[in-house]
Amino acid sequence: MQIALQNMGEIFMKKSISKLKKELDKWFSLYIRLRSATGEGFGHCFTCGRIAHYKKLHCGHFQSRRFLATRWNESNCQVQCPACNLFGQGEQYRFGLYLDDKYGEGTSRELVILSQTTVKKTRIEYEEDISYYKAIVQNLKKEKGIE
Ligand SMILES: [Zn+2]
């Protein structure tokens, strides 16, 4: 009985995996949008070039975010404007071409293959990644002097 109660307690104390995913999404997205932002906080859409404040831009995924293996991959994710990300269905073709330009021929192909692999992140790995990106985001904001 006691053991059962302890286990119950642990279950309620720990954050669920879906909560951890959401939290990692949040910090990772901020990192993607801040890494290339100017001192005034502006960035440009990877697929159409539109310039906007980073808070109005999205973290766009080349391979859909439903694939966990590439969901938090720093090449797979680039800044996009809402029009390209939501209404242009990610502008995937152009996204792939520009990825090859930026990181080298074959990058988009490798990401497609990688996205199809199975990964299972542990709770600890999620928590480590969250603190990692949280720290980078805070440093980037300080460095660039933006909020
Ligand atoms: Zn765009």
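Pro82 lies in helix 4, which covers residues 82-87. I start with this residue because its numbers show how the rest of the talk will go: at 30% relative accessibility, Pro82 counts as partly exposed. Setting aside neighbours within four places in sequence, Pro82 touches Lys56, His58 and Phe87. Take Lys56 from that list. Pro82 and Lys56 are 26 residues apart in sequence, and their C-alpha atoms are 7.8 Å apart in space. Please keep in mind that this is a predicted model.

Now the whole chain. How many helices and strands does the protein chain have? There are seven helices and four strands. Reading from the N terminus, the order is α-α-β-β-β-α-β-α-α-α-α. The C-alpha trace spans about 60 × 40 × 25 Å along its principal axes. The chain has 147 residues, and buried residues make up 37% of them. The accessible surface comes to about 9400 Å², with 55% of that belonging to carbon and sulfur atoms.

One more number for the chain concerns contacts. Consider the contacts with a separation of 6 or more: residues 24 or more positions apart account for 71% of these. The pair Pro82 and Lys56, at 26 residues apart, is an example of such a separation.

Next, the strands. Strand 3 and strand 4 run antiparallel and are joined by four bridges. Within this pairing, Gly60 stands opposite Gln78 in strand 4. In a regular strand, side chains alternate between the two faces of the sheet. Which residues of strand 4 are on each side? Cys77 and Val79 are on one side, Gln78 and Gln80 are on the other, and all of them are buried. Both faces of strand 4 are therefore covered, since buried means under 20% relative accessible area.

Thr47 lies in the loop between strand 1, residues 42-44, and strand 2, residues 51-53. Is Thr47 buried or exposed? Thr47 is buried, because its relative accessible area is 1%. Beyond its neighbours within four places in sequence, Thr47 is in contact with Gln80, Cys84, Gly90, Glu91, Arg94, Phe95 and Tyr98. So a residue in a loop can be buried, and Thr47 at 1% is one.

Ala69 is another buried residue, this time in a helix. Ala69 is found in helix 3, residues 68-71. Its relative accessibility is 17%, so Ala69 counts as buried. Which residues does Ala69 contact, leaving aside those within four places in sequence? They are Leu114, Ser115, Thr117 and Val119. Ala69 and Thr117 are 48 residues apart along the chain, and their C-alpha atoms are separated by 6.3 Å.

Ile17 is found in helix 2. With 31% relative accessibility, Ile17 counts as partly exposed. Leaving aside neighbours within four places in sequence, Ile17 is in contact with Arg123 and Tyr126. Ile17 and Gly88 are 71 residues apart in sequence, and from C-alpha to C-alpha they are 30 Å apart.

The last topic is the largest pocket. About 170 Å³ of space lies in it. Rolling a probe the size of a water molecule over the atoms shows where empty space is left. Which residues line the largest pocket? The lining is Asp25, Lys26, Phe28, Ser29, Cys59, Gly60, His61, Arg65, Arg71, Trp72 and Asn85. The elements giving two or more residues to this lining are helix 2, residues 17-35, and strand 3, residues 58-61. Helix 2 supplies the largest share, four residues. By class, the lining has three nonpolar, four polar and four charged residues.

Arg65 is one of these lining residues. Where is Arg65 placed? Arg65 is in the loop between strand 3 and helix 3. Arg65 is partly exposed, with a relative accessible area of 42%. Apart from neighbours within four places in sequence, Arg65 is in contact with Asp25 and Arg71, and Asp25 and Arg71 also line the largest pocket. Arg65 and Glu147 are 82 residues apart in sequence and 26 Å apart in space, C-alpha to C-alpha.

To close, go back to Gly60. Gly60 lines the largest pocket, and Gly60 also stands opposite Gln78 in strand 4. That is where I will stop.

Notes. Residues numbered from 1 in each chain as written. Predicted model: local features only at pLDDT ≥ 70, side-chain atom pairs only at ≥ 80, totals over all residues. Heavy atoms only, no water. 1 Å grid on protein atoms, 1.4 Å probe; cavity = no way out; pocket = protein on both sides within 12 Å on 5 of 7 lines; lining within 4 Å. Points joined across faces, edges and corners; volume = space filled by probe spheres on them. Nonpolar A, V, L, I, M, F, W, Y, C, P; charged D, E, K, R; others polar. Buried < 20%, exposed > 50% of the residue type's maximum accessible area, 1.4 Å probe, protein only. Contact = heavy atoms within 4.5 Å. Areas by Shrake-Rupley, 256 points an atom, 1.4 Å probe, with all protein chains shown as cover. Pairing = 2+ DSSP bridges.
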